[in-house]
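Please read the following notes alongside the sequence and the coordinates.

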Amino acid sequence: MNEMNRGIWTALSGIGIAQGLKIFTNKKVNGVWDWRPIFTTGGMPSSHSAGVSALATYVASKKGWNSTDTALAVIFGIIVMYDAQGIRRHTGEIAKIVNDLDADIEVLSGHMPGLFHVKQEKELNELLGHQPAEVAGGALLGILIGLFSSMTENRK
């Protein structure tokens, strides 16, 4: 990786590995093998957390804990992880309520001919954010990837 930015590749590796692991965690939760979780948001582990944690760990190990680069990577990571388990998770919970409400109104309109309702064509995506454990799992995975990347960078 002489001419490539190792930090970028480290973060992208964290994201990719986390997304790949979702196949196995989905199998454990649902009991079926399914490759589709690779292309979705939400789930265990958080790829957002894995990516930013891998980057922050890599930068800290290369530049030192007191560097401005480390400060930027860590604060950026904290914001991303907070957003993943906070705002995005709540948005998914609201989407579930809206989907359930639409289904309930559809049933009601069948019993009340005067109630006009057009069912939404496609349900809202309910799996947007992460539970705190999913964020923590992604962060731990990212830290390991960042350390591995840093330790293997100069081994040639």
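1. Contact here means heavy atoms within 4.5 Å. On that basis Leu-21 touches Met-44, Pro-45 and Leu-141, when residues up to four places away in sequence are not counted. The model is a predicted one, in which local features need pLDDT of at least 70 and side-chain atom pairs count only at pLDDT 80 or more, while totals for chains, interfaces and linings use all residues. Residues are numbered from 1 along each chain as its sequence is written, and side-chain values use heavy atoms, with hydrogens and water left out.

2. Leu-21 is placed in helix α1, residues 6-30, where helices (H or I, at least four residues) and strands (E, at least two) are DSSP runs numbered from the N terminus. Its relative accessible area is 33%, so Leu-21 counts as partly exposed; buried means under 20%, exposed over 50%, and partly exposed in between, with a 1.4 Å probe and protein chains only. From Leu-21 to Gly-43 the C-alpha distance is 9.8 Å, across 22 residues of sequence.

3. Gly-7 also lies in helix α1, but Gly-7 is buried, with a relative accessible area of 6%. Leaving aside residues up to four places away in sequence, Gly-7 touches Leu-55 and Tyr-58.

4. Of the 156 residues, 36% are buried, and residues 24 or more positions apart account for 72% of the contacts with a separation of 6 or more.

5. How do α1 and α2 pack against each other? Their axes come within 8 Å and cross at roughly 150 degrees, the axes being lines fitted to C-alpha atoms, for helices over the stretch in contact, and the angles running from 0 to 180 degrees between N-to-C directions. The two helices are therefore roughly antiparallel to each other (under 35 degrees counts as roughly parallel, over 145 as roughly antiparallel, 65 to 115 as roughly perpendicular and the rest as oblique). The residues of α1 that meet α2 include Gly-7, Ala-11 and Ile-15, and those of α2 include Ala-50, Leu-55 and Tyr-58. By class, this contact has seven nonpolar, six polar and two charged residues, with Ala, Val, Leu, Ile, Met, Phe, Trp, Tyr, Cys and Pro counted as nonpolar, Asp, Glu, Lys and Arg as charged, and the others, Gly among them, as polar.

6. Helix α2 (residues 47-63) packs on helix α3 (residues 68-85) at an angle of about 165 degrees, with the axes 9 Å apart, which makes α2 roughly antiparallel to α3. Among the residues that make the contact are Val-52, Ala-56 and Val-59 of α2 and Ala-73, Phe-76 and Val-80 of α3. The class count for this contact is nine nonpolar, five polar and two charged residues.

7. Helix α3 and helix α5 (residues 132-152) pack at about 150 degrees, with their axes 9 Å apart, and α3 is therefore roughly antiparallel to α5. Here Met-81, Ala-84 and Gln-85 in α3 meet Pro-132, Val-135 and Ala-139 in α5; by class, the contact has five nonpolar, one polar and no charged residues.
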